[in-house]
Amino acid sequence: MEEIMEAYKLSGGMPEDLKSEDTASMVVEGNRILKSNVIDGLIIEKKETKTGAKIKIIVEKGKKIKKPVHLCFSILPKEGLQEIISEIVVEENASADIKACCTFPNAQEVKHIMDAKIFLEKNSALTYTETHFHGSFGGIEVVPKSKVVVGENCVFKTNFSLVTGRVGRLDIEYVVDAKKNSVTEILTKVYGKEEDIIKIKEEVRLNGEGARSVIKSRIAVKDNAVSEVLNITEGNAAHVRGHVDCTEIIKDNARAKAIPIVSVKNESAKVTHEAAIGTVDKKGLETLMAHGLEKDKAVDLIIEGLLN
Amino acid sequence: MLAVKNLVLERDEKKILKGINLNVCNGEIHVIIGPNGSGKSSLAYMLMGCRDYKPTQGKIFFNDKDITDLGITKRAKRGITLSWQEPARFEGLTVEDYLSLGRENNKAEIEEALRMVNLNPKRYLNRFVDHKLSGGERKRIELASIVVLKPKLAILDEPDSGIDFVSLTDLLDVMIKLKKDTTILLITHREEVAQIADRATLLCDGYIVKDGSPLEVTEYFRDVCKSCPTEKYSEAKLKI
Ligand SMILES: Nc1ncnc2c1ncn2[C@@H]1O[C@H](COP(=O)(O)OP(=O)(O)OP(=O)(O)O)[C@@H](O)[C@H]1O
Ligand SMILES: [Mg+2]
């Protein structure tokens with residue numbers, strides 16, 4: 001357990017969060033569920049499998065889980081396979097904030113697969129923050145796939161971050177079905193080095209009237225790393241607003257590809273995309289800066305504004 | 001307060017400002033007039049430090065400090081701000097948010113500023129600074145933002161364009177009040193607005209062709225420049 005706590009720290013977690021009794025948490029090492037703590041308003045169903053675990057998290061109707069739910073997925077040995085099949089249901093009028101740390105500090109031949117289904121029922125909210133640490137060898141393959149349904153008036157925010165250590169091979173796939181007046185925010189930050197390979201596919205289908213979304217990717221690649229970001233936003237209903245904002249910075253021999261695909265099927269829908277940070281409406285950015293804001297703050301404010 | 005020395009700006013290999021020397025004194029309203037395309041807005045962007053308006057030559061001093069290499073935020077922090085000729089729109093940002101940018105939110109002050117530009121705070125505080133505002137409303141909000149920001153130097157690029165005839169006197173009132181704390185570099189096409197300035201500069205084809213009292217300079221503009229084809233502005237410059 002001590003070793004896991006150390007690994008947990010490396011991926012940005014705080015061990016106290018996993019120990020605290022009034023905080024919901026779960027620790028999965030390889031295919032062993034080492035710890036699970038539930039609090040009122042939350043149901044966790046869990047089962048160890050041959051290669052990992054099957055997990056279902058339910059946030060009960062009307063329950064607002066104030067303290068973040070902490071999840072830790074790890075493989076401590078150099079080699080191993082971990083397949084997590086998860087389902088998260090946030091029932092009507094409920095809300096939760098889930099913080100997942102995925103830590104593989106010694107990975108030399110590790111594979112981590114995450115197959116997630118996430119359902120947000122009417123008027124609910126979920127923030128899912130996922131922080132990864134893959135060690136310094138690059139001998140790892142991480143494949144997170146998520147299918148998300150963001151119900152009417154729901155707010156779904158997901159934040160994926162892998163910025164320290166190596167990436168290895170990363171293959172993210174997100175598909176979001178956004179219902180009426182919902183808000184979806186996907187933020188991905190990855191820093192690729194050496195021979196890392198980053199593949200990201202994030203797709204938001206704005207299917208309900210008035211739905212809004214932002215897909216924001218911040219990718220840096222150096223050495224021989226390769227990244228490919230495919231951001232798809234479909235405006236399929238009236239008055240939807242979508243924005244794709246992808247910035248990639250490359251150094252050395254790295255290669256980066258950004259493919260924004262925006263499509264609109266309704267004349268009152270608006271989906272925009274930016275391929276670089278500087279191109280977030282330059283005048284807007286400079287106006288905010290002329291009021292004394294730092295550039296990053298100004299960029300955030302413009303995008304936050306879109307989701308307001 | 002602001003000293004511009006031999007400023008040259010090129011964009012896409014075209015010279016837009018061709019050696020500007022300008023002094024704006026503390027506490028004055030300094031007006032810049034000139035025909036369309038003469039480089040007034042470009043000068044404003046350059047003074048603010050906008051990304052595509054870095055001078056190819058020359059220096060800008062603010063309160064005796066060289067600010068030529070500073071970016072927008074740093075210049076703003078030193079007390080310079082700019083209101084754009086066509087102000088930007090922001091989805092999801094309310095008038096109240098906008099008027100609180102870069103400072104503590106002081107509602108009483110914000111409401112007072114809105115009243116100064118003749119906007120009812122009740123109706124506007126929660127509206128978004130987006131495309132639903134009319135051009136004139138947006139300009140007034142911009143002016144209100146300058147009022148609350150209380151900068152040391154405000155560069156106002158045609159604050160009077162799109163403002164209706166009746167409101168023009170209000171605009172002048174605002175500028176006179178603003179003048180108490182703020183030095184104003186004012187760009188305008190209206191003669192009557194130019195008259196509130198303490199000094200005037202006439203810009204033509206990227207050159208400063210005349211400097212003096214607002215009356216002198218507007219008369220010169222009317223009598224000499226308006227009948228003069230663009231190429232001659234360079235000659236006019238030589239005559240000074
Ligand atoms: N990116 C650019 N490349 C080349 N020329 C440009 C560029 N941007 C502006 N210009 C030119 O620079 C000149 C000055 O433009 P500027 O907008 O500063 O004029 P202005 O005096 O503010 O005009 P107005 O009274 O119409 O507002 C114009 O001739 C314009 O066409
Ligand atoms: Mg102009």
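Student: Which residue in β8(B) stands opposite Leu153(B)?
Tutor: Thr183(B) does. Before we go on, this is a predicted model, where local features need pLDDT of at least 70, side-chain atom pairs count only at pLDDT 80 or more, and totals for chains, interfaces and linings use all residues. Residues are numbered from 1 along each chain as its sequence is written, chains are lettered from A and ligands numbered from 1 in the order in which they are written, and side-chain values use heavy atoms, with hydrogens and water left out.

Student: What makes strand β7 and strand β8 of chain B a pair?
Tutor: A strand is a DSSP run of E, at least two residues, and a helix is a run of H or I, at least four, each kind numbered from the N terminus. Two strands pair if DSSP finds at least two bridges between them. β7 (residues 153-157) and β8 (residues 183-187) of chain B have five bridges, in the parallel sense, so they pass.

Student: Why do β6 and β10 of chain B stand at the edges?
Tutor: The open sheet runs β6-β7-β8-β3-β9-β10 in chain B, six strands with mixed pairing. β6 (80-83) and β10 of chain B each have a single partner strand, so one side of each lacks a neighbour in the sheet. From one strand to the next, the twist averages 20°. Helix α6 (residues 135-149) of chain B packs on this sheet, touching β6 and β7 of chain B, and its direction makes about 170° with that of β6(B). Such angles run from 0 to 180 degrees between N-to-C directions, with axes fitted as lines to C-alpha atoms, for helices over the stretch in contact.

Student: In what sense do β9 and β10 of chain B pair?
Tutor: Antiparallel, over five bridges. One bridge joins Thr201(B) to Asp211(B) in β10(B). The hairpin has two residues between the strands, and Asp205(B) there takes a positive phi near 50°.

Student: Which strands stand at the edges in chain A?
Tutor: Nine strands make an open sheet there, β3-β4-β6-β8-β10-β12-β14-β16-β18, with mixed pairing. β3 (42-48) and β18 (255-264) of chain A have one partner strand each, so each has a side without a neighbour in the sheet. Here the twist averages 5° from strand to strand. β16 (residues 226-235) of chain A pairs with β18(A) in the parallel sense over ten bridges, and Gly235(A) stands opposite Val264(A).

Student: Why is the pair Asp52(B) and Lys282(A) called a salt bridge?
Tutor: The rule asks for a side-chain nitrogen of Lys or Arg within 4 Å of a carboxyl oxygen of Asp or Glu. Two salt bridges turn up across the interface of chain A and chain B. On chain A's side, α3 (282-290) and α4 (295-307) each give two or more residues, and α3(A) gives the most, with eight.

Student: How many residues does each chain bring to the contact?
Tutor: 22 from chain A and 26 from chain B, where contact means heavy atoms within 4.5 Å.
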